[in-house]
Amino acid sequence: MLYKTLSAAVYGIDASIIEVEVDVSGIKCDEDHFHTVGLPDAAVRESRDRVRAALRNCGYDIPLTHITINLAPADIKKEGSGFDLPMALGILGAYGGLNKKEIADCLFVGELSLDGGIRSVRGALPIAIEARGRKISRLVVPEVNAKEAAMVSGIAVYPVKSFIDVVHFVNSGNGALPVAIDQQALLNEAQHFAVDFKDVRGQQTAKRALEVASAGGHNILMIGPPGSGKTMLAKRVPTILPPFTFEEALETTKIHSVAGVLDPGAGLVGVRPFRSPHHTISDAGLIGGGVIPRPGEVSLAHNGVLFLDELPEFPRNVLEVMRQPLEDGTVCIARASMSLTFPARFMLAAAMNPCPCGFFNDKSRECRCSQPMIQRYMQKISGPLMDRIDIHIDVPAVNYKEMRSATDPEGSAQIRERVVRAREIQLRRFAASVRHRIYSNAQMSSRHIREFCQLSADCERLLERAMTQQGLTARAHDRILNVARTVADLEGSPEIQPKHIAEAIQYRTLDRTFWA
């Protein structure tokens with residue numbers, strides 16, 4: 001007898017509907033003949049043992065007969081344990097254990113434990129989105145994944161704890177109720193931070209640079225001795241970025257769901273992600289990879305912040321793979337069987353010491369490094385990568401008076417208000433023409449700079465003097481204008497003024513020292 005159920009497989013950050021066809025024969029065998037076809041991976045092939053044990057422990061003794069399961073379409077590779085539930089349901093239906101002859105309007109995903117319990121799966125959110133797109137009205141998922149899947153409106157999501165619950169649901173409609181989620185309320189509830197810029201004493205220049213970087217979406221590099229607060233500052237950048245829109249939260253949640261790092265209790269990534277990989281990470285870990293590629297750190301930081309501490313300690317080949325996502329906002333991973341594209345639009349925040357010992361130009365500690373040693377250390381970061389970092393800022397050690405000051409520093413809420421106002425100005429500016437598909441000043445090309453960064457005679461003279469006297473490069477010219485436009489937006493100024501140019505010039509530390 002033949003029985004069909006529906007399931008789904010995740011590729012990249014999208015899902016495809018898979019039809020699970022189960023055929024059983026009435027002829028008993030002396031040994032188990034359980035075959036799965038349709039390009040299953042090892043986890044799918046192993047499901048036969050989980051499925052048989054789960055059915056037996058739930059009271060369904062399946063005889064030793066020929067069982068053939070086809071996962072269609074058969075030319076797409078299937079991976080993961082999420083097919084356990086629809087396979088077990090198809091076997092039970094093929095033996096007549098279900099009241100319905102077919103289940104065409106419901107999709108099932110879930111991993112079975114040996115006692116019939118249902119464990120969580122990856123990618124519940126993209127599966128729900130695909131099911132809605134294919135006009136499937138109901139989705140049965142593990143209870144842990146229910147809140148995540150229910151973020152998609154227009155489809156009824158039913159959470160289940162065990163295989164028995166699914167059987168009751170199919171036969172009588174009992175055993176599960178659809179999950180109801182207030183999407184906007186959940187997003188608002190999730191938007192809270194455990195850290196704040198009020199915690200940071202001193203470092204006013206660095207705070208200002210981070211405000212400018214957040215307002216314009218600029219990449220930033222902080223240079224300072226150990227213990228100066230570079231990591232502490234970077235961790236607070238998400239607190240001053242504009243709040244998530246629901247569409248951004250949904251897009252980010254899809255990536256985290258597929259990667260298996262989504263908090264099951266939250267169901268939604270409500271704050272902009274902050275990812276801080278260790279410098280021993282591989283290029284595949286940073287950019288993504290695998291036989292069936294999964295997102296890397298640059299994609300997990302999508303719509304948020306990627307923080308690289310001790311930047312020169314990262315292998316050069318690992319840093320070089322970031323050039324595509326920094327330029328295009330996407331990552332393309334090609335394999336023999338498929339080619340997948342992951343979104344990777346993030347703000348890069350990096351930190352490094354000024355020299356190998358960390359105390360070059362420090363007033364309290366003596367540097368033990370020679371000039372060639374410092375030069376070699378700085379040159380671990382390639383010119384093309386530095387070309388994509390708009391702001392370089394010195395972060396000196398904090399003195400005692402600043403640390404013990406009784407004056408409360410400015411909090412993240414006040415800084416965020418200014419950042420949001422500047423971002424709104426940019427959105428209005430770039431929305432004036434449909435050909436400008438950019439959302440922040442950092443994304444402006446040379447053509448956009450010529451259009452939106454007109455300079456007065458005083459600004460021209462100041463910029464020319466800086467280029468000549470400080471030996472700034474041509475790439476620094478465009479970065480200065482990009483950043484100056486953002487500084488002007490923070491003040492609400494429609495025109496770039498000399499003071500905005502002057503501030504932007506100060507954010508090119510490395511151009512004035514090692515890279516001139």
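Reader: Why does Ala74 count as partly exposed?

Author: The relative accessibility of Ala74 is 43%. Buried means under 20% relative accessible area, exposed means over 50%, and partly exposed lies in between, with a 1.4 Å probe and protein chains only. Ala74 therefore counts as partly exposed. This is a predicted model, in which local features need pLDDT of at least 70 and side-chain atom pairs count only at pLDDT 80 or more, while totals for chains, interfaces and linings use all residues. Residues are numbered from 1 along each chain as its sequence is written, and side-chain values use heavy atoms, with hydrogens and water left out.

Reader: Where is Ala74 placed, and with which residues is Ala74 in contact, leaving aside its neighbours within four places in sequence?

Author: Ala74 is in the loop between strand S4 (65-72) and H3; helices (H or I, at least four residues) and strands (E, at least two) are DSSP runs, numbered from the N terminus. With those neighbours left aside, Ala74 is in contact with Gly38 and Leu39, where contact means heavy atoms within 4.5 Å. The C-alpha atoms of Ala74 and Ile18 are separated by 9.2 Å, and these residues are 56 apart along the chain.

Reader: Why are H2 and H3 called oblique to each other?

Author: Helix H2 (residues 47-57) and helix H3 (residues 84-94) pack at an angle of about 55°, with axes 10 Å apart. Axes are lines fitted to C-alpha atoms, for helices over the stretch in contact, and angles run from 0 to 180 degrees between N-to-C directions. Angles under 35 degrees count as roughly parallel, over 145 as roughly antiparallel, 65 to 115 as roughly perpendicular and the rest as oblique. H2 and H3 are therefore oblique.

Reader: Which residues make the contact of H2 and H3, and how do they divide into nonpolar, polar and charged?

Author: H2 contributes Ser47, Arg50, Val51 and Leu55, and H3 contributes Asp84, Met87, Ala88 and Ile91. They divide into 5 nonpolar, 1 polar and 2 charged. Here Ala, Val, Leu, Ile, Met, Phe, Trp, Tyr, Cys and Pro count as nonpolar, Asp, Glu, Lys and Arg as charged, and the others, Gly among them, as polar.

Reader: What makes Glu327 and Arg388 a salt bridge?

Author: A salt bridge is a side-chain nitrogen of Lys or Arg within 4 Å of a carboxyl oxygen of Asp or Glu. The closest N and O atoms of Glu327 and Arg388 are 3.2 Å apart, and the pair forms a salt bridge. Glu327 lies in helix H14 (residues 323-328) and Arg388 in the loop between helix H16 (383-386) and strand S18 (391-394), 61 residues apart.

Reader: Which of these words, buried or exposed, applies to Glu327, and which to Arg388?

Author: Glu327 has a relative accessible area of 53% and is therefore exposed. Arg388, at 17%, is therefore buried.

Reader: How many salt bridges does the structure hold?

Author: The structure holds 21 salt bridges.
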